[in-house]
Amino acid sequence: MQLLTAVMVAFAWAFDAQQVFISVFTDAEPPWHCVDSSANSSCSPATASPCTHPPGAWTWDRPAETSVVSEWALKCAGPALISLPASSFFAGCLAGGFLLTTLADSLLGRKKMLLVSLVTMSIAGVLTALAPNVWAYSALRFVAGFGRSMIGTCTLVLSTELVGKRWRDMVSVAAFVCFTVGFASLPALAYALREASWRSMYLWTSVPCLCYAILLYFLAQESPRWLLVHGRKNDAGATGGGGVFSTLQTMWERPWALRRLTAIMVAGFGIGMVYFGMPLSVGNLGSNLYLSVTYNALAELPSAMLSWLLMARFNRRSSVVALAVTAAACSLACVAIPENATAARMAAELLSFFATCTAYDVILIYSIELFPTSVRNSAVGLLRQAMVLGGVAAPVLIAFGREWSFWSFGVFGLAIGCSGLFATCLPETKGTTMSDTMEEEEEEERNRAAVSSCGGAKNEDNDLVELRTFT
């Protein structure tokens with residue numbers, strides 16, 4: 001029963017994925033054509049941008065209301081305004097993460113925080129469908145991002161804390177699969193509504209999410225680990241903790257915790273930039289948008305399986321580094337491959353996104369194991385905010401990348417390649433038991449240091465014996 005409940009909680013990632021990547025279609029630049037290229041020599045279909053032509057010389061291939069770009073005439077407004085809604089969403093995720101990240105560890109708990117986030121995101125999504133202009137649209141996307149900021153963290157932490165160590169990896173992979181389901185549903189929904197208003201996309205994704213939140217309220221339970229740490233074994237008693245930001249202060253006072261948090265956040269920044277940026281940039285490759293997004297969404301599924309295999313057989317640290325380097329090389333290849341080789345560029349983009357997805361999954365599980373229960377939700381939340389910070393910059397880079405691909409794929413490759421190397425500063429957690437308090441984790445840290453020291457001394461003794469034997 002606990003396993004089924006954990007899987008049901010993990011399904012929240014499906015709605016999370018829809019709101020993260022919905023702008024790929026709602027904010028897409030529709031194709032255009034000249035009204036009459038033979039009679040009007042001022043309009044040429046070969047021109048890269050219609051902004052150089054008179055207003056009446058060209059028109060969109062589809063109704064203007066199919067995209068915010070065509071409905072509000074944003075095409076010629078510049079990269080900053082085109083990228084504003086997507087950047088506002090990720091900025092909301094960033095703000096919500098920093099302001100709400102400790103509430104799940106201290107005041108509200110995992111379940112209540114998840115419900116508040118789902119309801120906030122859903123209501124903001126419904127209101128987004130009523131936005132009259134790009135400014136109101138961007139503001140509502142900020143609110144949706146603010147509410148969405150804790151869904152992924154609370155879902156992952158709550159689902160893994162509901163089950164034992166035996167099922168931890170399986171439940172984590174289930175969450176990643178649910179995210180893939182939500183992501184893959186977007187191109188199918190967008191294709192079905194391709195002649196309808198972009199507002200329909202928000203209604204079809206937000207209303208089911210609200211219904212799911214109501215169902216979750218009655219069927220899911222709070223994390224037993226969180227209740228235990230807060231002295232509520234029977235779900236009764238006062239909430240522990242010394243305030244909303246006490247967990248952050250606790251980590252700040254311990255060098256080992258601060259060192260781990262800094263290293264994993266830097267690594268997460270580059271991974272997040274590529275993870276959120278790649279699907280948004282597929283339109284710059286010149287391929288079919290629906291198929292390209294579908295390929296990217298389906299890449300999430302084998303990446304979830306690969307992440308499960310890597311976590312079962314290989315070290316977390318080396319996996320993150322290897323995947324980051326692979327993603328960097330493939331992203332830089334998108335710049336080196338000629339623009340007319342669309343298939344080759346698409347293949348390199350898919351490989352880069354596949355490696356990034358796997359690194360994204362592995363590093364999230366890695367962060368759960370690096371920190372004890374008392375600060376786990378906060379630590380995972382801060383990691384996700386570092387990823388979102390990369391997502392804030394991604395839409396702007398993509399807008400500039402339409403003119404020169406290095407600003408998108410080139411910067412993506414350099415970011416994930418350099419930041420991924422910071423994972424080498426982290427301790428290995430494969431096969432370890434998760435701690436509940438900072439004191440327990442400190443004891444584990446001392447044990448690791450003692451084992452490492454003894455191992456080093458033993459190796460030195462062995463080398464000395466071999467030297468004496470040789471001489």
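Hi everyone, let's start with F218, which is found in helix α10. Keep in mind that we are looking at a predicted model. Is F218 buried or exposed? It counts as exposed, because its relative accessibility is 63%.

Together with V119, I123, L127, L130, L210, I214, L215, Y217 and L219, F218 forms a nonpolar patch on the surface, with about 980 Å² of accessible area together. Two elements give two or more residues to this patch, namely α6 (109–128) and α10 (198–219). The largest share, 6 residues, comes from α10.

Now to the aromatic rings. The count comes to 23 aromatic pairs. Take W13 and F179: their ring centres are 5.7 Å apart and their planes sit at 75°, so this pair is edge-to-face. W13 is in helix α2 and F179 in helix α9, 166 residues apart, so the pair links distant parts of the chain. W13 counts as buried at 2% relative accessibility, and F179 does at 4%.

F179 also pairs with Y275. Here the centres are 6.0 Å apart and the planes at 40°, so the pair is tilted. Y275 belongs to helix α13, 96 residues from F179, and both residues are buried. W13, F179 and Y275 are among the residues that ring pairs link into a cluster, which also includes F21, F89 and F90.

Last stop: S367, in helix α16. S367 counts as buried because its relative accessibility is 1%. A polar atom of its side chain lies 2.6 Å from the backbone oxygen of L364. Leaving aside residues up to four places away in sequence, S367 touches I264, V380 and L383.

Technical notes. Residues numbered from 1 in each chain as written. Predicted model: local features only at pLDDT ≥ 70, side-chain atom pairs only at ≥ 80, totals over all residues. Heavy atoms only, no water. Helix = DSSP H or I, 4+ residues; strand = E, 2+ residues; numbered from the N terminus. Buried < 20%, exposed > 50% of the residue type's maximum accessible area, 1.4 Å probe, protein only. Polar contact = N/O pair within 3.5 Å; in protein donor to acceptor, adjacent residues only side chain to side chain. Contact = heavy atoms within 4.5 Å. Patch = residues over 30% accessible without salt bridge, like charges linked within 9 Å, V, L, I, M, F, W, Y side chains within 5 Å. Areas by Shrake-Rupley, 256 points an atom, 1.4 Å probe, with all protein chains shown as cover. Salt bridge = Lys/Arg side-chain N within 4 Å of Asp/Glu carboxyl O. Phe/Tyr/Trp six-rings, centres within 6.5 Å; stacked < 30°, edge-to-face > 60°.
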